[in-house]
Amino acid sequence: MFTDSHCHLAMPEFLDQLPGIRQAMAAAQVDRALCICTTLEEFGQVHALATAYDNFWATVGVHPDNEGVQEPSVDDLVRRAALPRVIAIGETGLDYYGMEERKGGRSIADLEWQRERFRTHIRAARQSARPLVIHTRSASADTLAILREEGEDGGAGAAGGVFHCFTETAEVARSALELGFYISFSGIVTFKNAQHLRDVAAFVPLESMLIETDSPYLAPVPYRGKQNNPSYVPFVARQIAELRGLALEEVARATSANFDRLFLRAEPSAAASFHLPS
Ligand SMILES: [Zn+2]
Ligand SMILES: [Zn+2]
């Protein structure tokens, strides 16, 4: 019933727990998950998950926070994107959060390499006709500008994709939607102090919305602060259902159909595994 559109399961500490996590997913009716790659070095493990289990898929990309790792070329990404069960490019984007503490006091101008890396991913996505999984934090203006500069305006030839773990304003959401992108909400939408985000989640059209856990981070209430895993994605769906006055099943159905349309390039009718109450 539910689809976790963004999780990180290839971390070594997770691999031992995988059987338990998959059991918990089944019990929670989380049928499917997209396993997100953050370095070329870990791509092999991420891809192995997607080839071992028919309800996992993989992406290829290098996260904007990762330094001292192999820098991807367009070709590196395109080649891996052509492998079976690799359905998207990312996560990629820009992260200007915590310039002092996290980026060693560098300036935004110093992060030109991040912007170059982002452009590389966009070009690879367009070349391989795969959608982008976009991470943007404290950098929404540049993220939107670079997408536009690279031709991502929702028109012909656009790769499209999703703004994952959305925490920005309604205005940024509107711009992303105008460019033809989906918006994905994580467990943050359940946090007490996230009313601004609930307001955004109330406004984003259901047909442009995805849900995710971003496991192992950002566990939703009531598990906030604990290790997250895909079986918790229904808590995100429940919050969205509540604030929009919808049935939980409706949010599950719509976000899963959106996943099909965006990542599997399938019509919603292909999603035969949903059981709606009649
Ligand atoms: Zn991210
Ligand atoms: Zn992530």
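Strand E4 (86–95) and strand E5 (132–137) each contribute at least two residues to the lining of the largest pocket. The model is predicted. The largest pocket holds about 320 Å³ of space, and among the 18 residues that line the pocket, those closest to its centre are His63, His135, Arg137, His164 and Asp214. Asp214 also coordinates the zinc ion (ligand 2).

**Pocket lining**

- E5 gives the most to the lining of the largest pocket, namely three residues.
- By residue class, the lining of the largest pocket comprises five nonpolar, seven polar and six charged residues.

**Zinc site**

- Four residues coordinate the zinc ion (ligand 2): His6 through NE2, His8 through NE2, Glu91 through OE and Asp214 through OD, at 2.0 to 2.5 Å.
- The angles among the four donor atoms of the zinc ion (ligand 2) run from 86 to 174°.
- Along the sequence, the spacing of the donor residues of the zinc ion (ligand 2) is H-x1-H-x82-E-x122-D.
- Histidine 8 and aspartate 214 link distant parts of the chain, being 206 residues apart. Histidine 8 sits in the loop between strand E1 (2–7) and helix H1 (12–15), while aspartate 214 sits in the loop between strand E8 (209–211) and helix H9 (233–244).
- Both of these residues, histidine 8 and aspartate 214, are buried.
- A distance of 3.5 Å separates the zinc ion (ligand 2) from the zinc ion (ligand 1), and glutamate 91 coordinates both.

**Cysteines**

- The structure has zero disulfides.
- Cysteine 7 takes part in no disulfide, and the nearest cysteine sulfur, that of cysteine 35, lies 4.5 Å away.
- Cysteine 7 is buried, and its relative accessible area is 0%.
- For cysteine 165, the closest cysteine sulfur is in cysteine 7, at 13 Å, which is too far for a bond.
- Cysteine 165 is likewise buried, with a relative accessible area of 12%.

Note on methods. Residues are numbered from 1 along each chain as its sequence is written. Chains are lettered from A and ligands numbered from 1 in the order in which they are written. This is a predicted model: local features need pLDDT of at least 70, side-chain atom pairs count only at pLDDT 80 or more; totals for chains, interfaces and linings use all residues. Side-chain values use heavy atoms; hydrogens and water are left out. On a 1 Å grid over the protein atoms alone, a cavity is a set of points where a 1.4 Å probe fits but cannot get out, and a pocket is an open set with protein on both sides within 12 Å along at least five of seven lines; lining residues have an atom within 4 Å of a point. Grid points are joined across faces, edges and corners, and a volume is the space filled by probe spheres set on the points. Helices (H or I, at least four residues) and strands (E, at least two) are DSSP runs, numbered from the N terminus. Ala, Val, Leu, Ile, Met, Phe, Trp, Tyr, Cys and Pro count as nonpolar, Asp, Glu, Lys and Arg as charged, and the others, Gly among them, as polar. Donors are N, O and S atoms within 2.8 Å of the metal (3.2 Å for Na, K and Ca); water is not among the atoms, so sites may look incomplete. Four donors count as tetrahedral if all angles lie between 85 and 135 degrees; four count as square planar and six as octahedral if opposite donors are over 155 degrees apart and all others between 65 and 115; anything else is irregular. Buried means under 20% relative accessible area, exposed over 50%, partly exposed in between (1.4 Å probe, protein chains only). A disulfide is a pair of cysteine sulfur atoms within 2.5 Å.
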